[in-house]
Amino acid sequence: MIGQVAGVRGVAPLLPMDAVRWGAVEDCLRALMDAYGFREIRLPILERTELYARAVGEVTDIVEKEMYTFTDRSGDSLSLRPEGTAGCVRAGIEGGLFHNQAQRLWYQGPMFRHERPQKGRYRQFHQWGVEAYGMVGPAIEAEIIALGARLLAKLGVETRLLLNSLGTPQCRERYREALVRYLMAHRERLDDDSLRRLERNPLRVLDSKNPDMAALLAEAPAIADSWSAESRSHFAALQDHLAALGVAFEVAPRLVRGLDYYTHTVFEWTPHETLAQATVIAGGRYDGLVSGLGGAPTPAVGFAIGMERLVALVTRLPAPPVLDVFIMASASFQRQALVLAERLRDAGFTVETHLAGASGRSQMKRARDSGARVIVEAKDEVAIVHGGPVKDEGAMPWAEAVVRISQILGAEANIDGK
Ligand code: ATP
Ligand code: MG
């Protein structure tokens with residue numbers, strides 16, 4: 001035997017039984033994107049490293065230690081995308097999407113971060129991103145938050161919505177000074193990571209995942225004390241909008257996002273249990289990014305769903321598609337089974353065939369596991385083994401099989417009220 005090639009750590013295939021669950025969640029998401037007027041954009045997985053250094057920020061976990069970066073054969077430094085917003089903005093600028101018009105976009109697909117793999121944290125993971133451009137003010141924020149809340153409700157996911165505001169860049173600067181004063185006064189209690197961040201990007205100290213720092217950070221000054229009147233009324237209006245929409249939230253005074261480009265509103269949904277890697281959806285307003293990447297100043301707000309974490313929390317799945325017919329065939333009747341299956345598919349039914357030449361018993365087990373509405377066995381004649389409200393159908397000649405099976409499925413469909 002030749003040895004197997006191991007997969008890459010933290011990078012997993014999605015097996016068929018899990019893909020069904022994912023597919024159902026994705027269908028639910030697609031329907032919601034339509035319901036809220038968002039259109040799909042398909043983005044490259046490879047970008048220039050510089051894009052992330054500029055958009056995400058040099059002093060972030062992502063850029064400092066998580067990116068898959070390499071030099072390609074032309075000598076360019078490229079990175080596998082660690083997140084979608086930067087690439088979405090770059091593509092939007094290049095494609096002229098932000099010229100004097102509002103844009104509502106969504107994308108989905110794999111992202112790559114070199115993190116320590118554990119439950120809910122992988123090196124290849126999937127995000128579903130929702131981004132709205134060209135809209136100032138809290139109304140659009142309230143609308144996409146309502147979208148997120150509707151998604152979670154539909155899927156039966158229990159989470160809390162946490163909200164905060166980082167205010168304008170000036171508020172942030174004032175806050176930065178207050179925070180540095182506080183952290184400097186408690187220098188000896190900071191871990192190495194936080195000491196480094198204190199030097200280069202102090203707000204990110206609040207993002208620390210080290211439980212030993214939690215008590216210190218809980219006492220840190222709140223950004224609310226640094227808000228301008230404008231920031232304060234923006235945030236108040238958002239809360240009023242959410243109340244009018246019946247969306248429950250909690251204000252989390254020390255919530256900051258890991259990425260540098262946020263202004264005003266930041267939010268995340270996190271399950272009731274307090275786990276470091278628990279946040280399912282994270283987002284906020286990022287008015288500075290489009291101009292920061294060379295586009296005309298364009299307000300923007302969005303969120304990204306961590307799909308692995310979302311799928312794991314789903315308690316209510318939309319019904320999976322039903323299989324109409326399962327055909328079992330012994331080795332000498334495989335061709336007839338193939339033809340019957342094709343004719344039934346011509347008639348619009350979903351059909352699975354068992355063509356592995358296994359024993360009748362193991363075929364029957366597969367057939368029952370498939371959940372098919374009708375199971376037939378292909379022999380000299382076609383026998384209905386199971387299914388349909390019409391009892392005692394017995395065997396039927398091959399020539400009649402398509403019509404009879406269609407009738408049975410049709411009769412059942414009528415009973416189901418389909
Ligand atoms: P965390 O605090 O969990 O590291 P983050 O702040 O790095 O998250 P974002 O960059 O805001 O996360 O990404 C948005 C969402 O993507 C997260 O809330 C999470 O659901 C998901 N996500 C991020 N990193 C991973 C990962 N390595 N594996 C699985 N999901 C992830
Ligand atoms: Mg992270």
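Predicted model: local features only at pLDDT ≥ 70, side-chain atom pairs only at ≥ 80, totals over all residues.

1. On the nitrogen side of the ligand, an N or O atom in the side chain of Glu115 lies 2.7 Å from a nitrogen atom of ligand 1, while Tyr122 contributes through its backbone, one N or O atom of which is 2.9 Å from a nitrogen atom of the ligand. On its own, ligand 1 has 580 Å² of accessible area, and the protein covers 91% of it.

2. Which residues come nearest to ligand 1? Of the 14 residues around the ligand, these are Arg113, Glu115, Arg121, Arg257 and Thr279. Sorted by class, the shell around ligand 1 consists of six charged, four polar and four nonpolar residues.

3. Eight strands make up an open sheet with mixed pairing, and their order across the sheet is 1-5-6-11-10-9-7-8. The edges are formed by strand 1 (39–40) and strand 8 (250–251), each of which pairs on one side only.

4. Within that order, strand 10 (residues 281–285) and strand 11 (residues 300–306) run antiparallel and are joined by five bridges; as a point of reference for inspecting this pair, Gly283 stands opposite Phe303 of strand 11. Helix 1 (residues 16–35) packs on the sheet, where it touches strand 5 (103–112), strand 6 (124–133) and strand 11, and the direction of the helix makes about 5° with that of strand 6.

5. How many strands form the open sheet with the order 2-4-3? There are three strands in this sheet, and their pairing is antiparallel. Strand 2 (46–48) and strand 3 (69–71) are the edge strands, each pairing on one side only, and from one strand to the next the twist averages 35°.

Note on methods
Residues numbered from 1 in each chain as written. Chains lettered and ligands numbered in written order. Heavy atoms only, no water. Near = heavy atom within 4 Å. Polar contact = N/O pair within 3.5 Å; in protein donor to acceptor, adjacent residues only side chain to side chain. Areas by Shrake-Rupley, 256 points an atom, 1.4 Å probe, with all protein chains shown as cover. Nonpolar A, V, L, I, M, F, W, Y, C, P; charged D, E, K, R; others polar. Pairing = 2+ DSSP bridges. Helix = DSSP H or I, 4+ residues; strand = E, 2+ residues; numbered from the N terminus. Contact = heavy atoms within 4.5 Å. Axes fitted to C-alpha atoms, helices over the stretch in contact; angles between N-to-C directions.
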